[in-house]
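The sequence and the model are shown first, and the description follows.

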Amino acid sequence: MSKTLVLAEKPSVGRDIAKVLECHKKGNGFFEGERYIVTWALGHLVTLADPENYGQQYSAWRIEDLPILPSSLRLVVIKESNRQFQTVKQQMNRNDVKEIVIATDAGREGELVARWIIELAHPKKPLKRLWISSVTDKAIKDGFRNLRDGREFENLYASAAARAEADWMVGINATRALTCRHNAQLSCGRVQTPTIAIIAKREEEIRQFVPKPFYGMTAVTQDHLKLQWQDQQTREMRTFSKEKADQLLASVRNKHAEVIDVTKALKKSYAPQLYDLTELQRDANKLFGYSAKETLSIMQGLYENHKVLTYPRTDSRFLSSDLVETLADRVKAVQVKPYSPLAAKVLRAPISANKSFVDDSKVSDHHAIIPTEQSVFPGALSDKERKIFDLVVKRFLAVLFPPFEYEQTTIKAKIGNEVFLAKGKRVINLGWKEVYDHDVEDDEGKDDLADQLLPEINKGDQLRIAAVSQTKGETKPPEPFTEASLLSAMENPAKYMAAESKDLIQTIGETGGLGTVATRADIIEKLFNSFLIEKRGKSIYITSKGKQLLELVPADMQSPTLTAKWEQKLSAIAKGKLNKQAFIGEMKAYAQSVVAEIKNSDKQFKHENMTRSKCPECGKFLLEVNGKKGKMLVCQDRECGYRKGIAKVTNARCPQCHKRLELRGEGEGQTFVCVCGHREKLSAFNARRDKEKGTKLSKKEVAQYMNKQNKEQDEPLNADLWGALSKLKFDK
């Protein structure tokens, strides 16, 4: 009997597919049933060969050997994954296997994972494609009932391969040229270099910023109604002229106000859009301090292991129309505490979809991140998983709620010849804000006026003014980047490129910015690990090494327009509108020009963070760098590669200011150090913690008790007990 070979991307997904397809016989790296064999990659099994595969002379980095531009790039099996590759190859080439189903992640990079394996395994068998956005049993069954012809995805594979080959040619040649030319560990690329440039630009804006004072006026009536002055020409609530502000204040003193207009308007505010990966990473960073990479890792667990959320690597915030009929089942799946009352409200009436969250034209490979039809008990999730799951579920339920409706009242009064305003809001229907316990600000009608309780006032009323005062403020510089705001900048770099031409800015906007939703987290992490950027608190700053790198690389490699134009062409390849080889030819020519410019440059690189400590391996002076997890000493010689941590950022908190402590030193001399000046030996810290431990419950103990209670009864946990538990301190 002939069989079908199914290739998944990871073992966990392979096991899920094998269960659905009733493949119960376990082999070494695969499962087998009557009709199917399911095997998997380990992420990538195959990659592009290193330069030394094209000639032994390339094993040493020499600038005279550059550029390295093979006529065609070779594929090699990743050494650590060779065993699994041989398993996959053997199963693909079995005589009883008549076709192969690609079941890797449904996207450009997932296609590349499978096609590279197939290229090296040479099975020469028909290909089918499983294209699903969640790995629940239902989604897998539906996907296998609707398998697509593998030939539909040839252009997607060409686009993925073109991206990988272009990055190899430009990245390897530019990195080797810089490193050899300056004998320092310097790397650059079409995404990471313009990302550094954006951070540098923000730092320069902050450095050059000069605060500018501005002025306004506030009038308070005897009934405590607060009115704010508005310039009738500019409609602004402030002026930058102190002279004008003083004249205005003098002109309205000792005068009363007459109400010249009272307007009431019914307004609606709709729920925020569903999450794509970048928006979810932003919120997780702002709310919980999670890095972009950490959020993606948590999402992968919720998608692959718990199967409660859909595919995370999506850039869409909309759903396709074919999902509408599944929405009720997804709401039922989250009808658990604490979402039960909200889900029940949604299910009271048929769910109606609208253009605010269902739009086929705005869904490409994958729809927005939403819950699957599979239920989950929140107690089965870790603390971090619960937090991310909570964000997605609330956003999903919010779009299914009606809009927030309110009546906006604006009072316009005249004091002398000047106009003052007051604003109030009366809630008519909480709508989606009920999901968030009223704590989410809507974007409608935001201005400088604060809402307040308004007395009954009519046009023509006279208001007795108790006091008029001048207000003063200062313009503020832009904030340094955090991971959340840097993700925003990478997603939409056009607004940071004021000096660029309008057509190039439009190109950036059309192609989605720097990197993809799947790669931005890795790019940021790589910049930290290369010591090109560093963290101070939550803020991100460029290092001296990063600043010098920008001076050394060709100017166009610093611009988002380069990667924007690349992405535009990669998109054209995916649509069958551009030949892959034509694009690769352009990339080879570009790599040649980059290497020539670096070779002929007379610029110099200088280590500005050199210590007087010598490397124990080669004897050269070590550099002190701020790693993402603390301070490190690294050897300045790229060929040596020695590095040593000297200060590790821990989860322990300072007893004085409660900030995270750094752990410095080794052995018995290890000491916790805080930025506020607090110092404490590790032994003293442990003794203090052990002394306090007797009065604490562990998080695990509390979670176990709460889970037991939730399983045994539907009503909420005893309020008195919950109040007592919530006041206790927990062990880390």
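## Charges over aromatic rings

In this predicted model, K212 lies over the face of F240, at 4.5 Å from the ring centre. A second case involves K425, whose charged end sits over the ring of Y406, 4.5 Å from the centre of that ring. Y406 is also the bridge partner of K267 in strand β13.

## The strands β12, β13 and β14

Strand β12 (residues 257–269) and strand β13 (residues 404–415) run antiparallel and are joined by 12 bridges. On its way to the next strand, β13 pairs with β14 (residues 418–429), again in the antiparallel sense, over 11 bridges.

β13 and β14 form a hairpin with 2 residues between them. G416, in the turn, has a positive phi of about 65 degrees.

## An open sheet of mixed pairing

Another part of the model contains an open sheet of 7 strands, in the order β2-β3-β4-β1-β7-β8-β9, with mixed pairing. β2 (25–26) and β9 (148–149) stand at the edges with a single partner strand each, so one side of each has no neighbour in the sheet.

Within this sheet, strand β1 (residues 3–8) and strand β4 (residues 36–40) run parallel and are joined by 5 bridges. T4 has Y36 as its bridge partner in β4. Strands of a sheet pair through backbone hydrogen bonds, either parallel or antiparallel.

## Aromatic pairs

A search of the whole structure finds 11 aromatic pairs. In one of them, the rings of Y54 and W168 have their centres 6.0 Å apart and their planes at 70 degrees; the pair is edge-to-face because planes over 60 degrees apart count as such. Y54 lies in the loop between β5 (46–48) and β6 (75–77), whereas W168 belongs to helix α5 (residues 154–182), so the pair ties together parts that are 114 residues apart in sequence. Y54 is buried, with a relative accessible area of 17%, and W168 is buried as well, with a value of 7%.

A further edge-to-face pair is formed by W566 and F583, whose ring centres are 6.2 Å apart and whose planes are at 85 degrees. This pair links W566 in helix α17 (residues 560–574) with F583 in helix α18 (residues 580–599), 17 residues apart. W566 and F583 are both buried.

Helix α17 has 15 residues and reaches 21 Å from its first C-alpha to its last, close to the 21 Å expected at 1.5 Å a residue. Its buried residues are P560, T561, L562, T563, A564, W566, E567, L570, A572 and I573. An α-helix has 3.6 residues a turn, so residues three or four places apart point the same way. After α17 comes G576, whose phi is positive, near 80 degrees.

Which residues touch the most other members of the largest nonpolar core? Of its 83 residues, they are M92, W116, I117, L178, M557, W566 and F583. The largest share of this core, 13 residues, comes from α5. Leaving out residues up to four places away in sequence, W566 touches A166, D167, V170, R190, F583, M587 and Y590. Apart from this core lies another, of 42 residues, among them A284, L302, L342 and A343. In soluble globular proteins, nonpolar side chains tend to be buried together.

G515 lies in the loop between α14 (502–511) and α15 (520–529). Is G515 buried or exposed? G515 has a relative accessible area of 9%, so it is buried. Neighbours within four places in sequence aside, G515 is in contact with V191 and R520. G515 and E567 are 52 residues apart in sequence, and their C-alpha atoms are 8.6 Å apart in space. E567 is one of the buried residues of α17.

T278 is found in helix α8 (residues 277–288). T278 is buried, with a relative accessible area of 0%. Not counting residues up to four places away in sequence, T278 touches L487, E491, V517 and R520.

Notes
Residues numbered from 1 in each chain as written. Heavy atoms only, no water. Phe/Tyr/Trp six-rings, centres within 6.5 Å; stacked < 30°, edge-to-face > 60°. Helix = DSSP H or I, 4+ residues; strand = E, 2+ residues; numbered from the N terminus. Buried < 20%, exposed > 50% of the residue type's maximum accessible area, 1.4 Å probe, protein only. Lys NZ or Arg CZ within 6 Å of the ring centre and 35° of its normal. Expected span 1.5 Å × (residues − 1). Core = buried A, V, L, I, M, F, W, Y, C linked by side-chain atoms within 4.5 Å. Contact = heavy atoms within 4.5 Å. Pairing = 2+ DSSP bridges.
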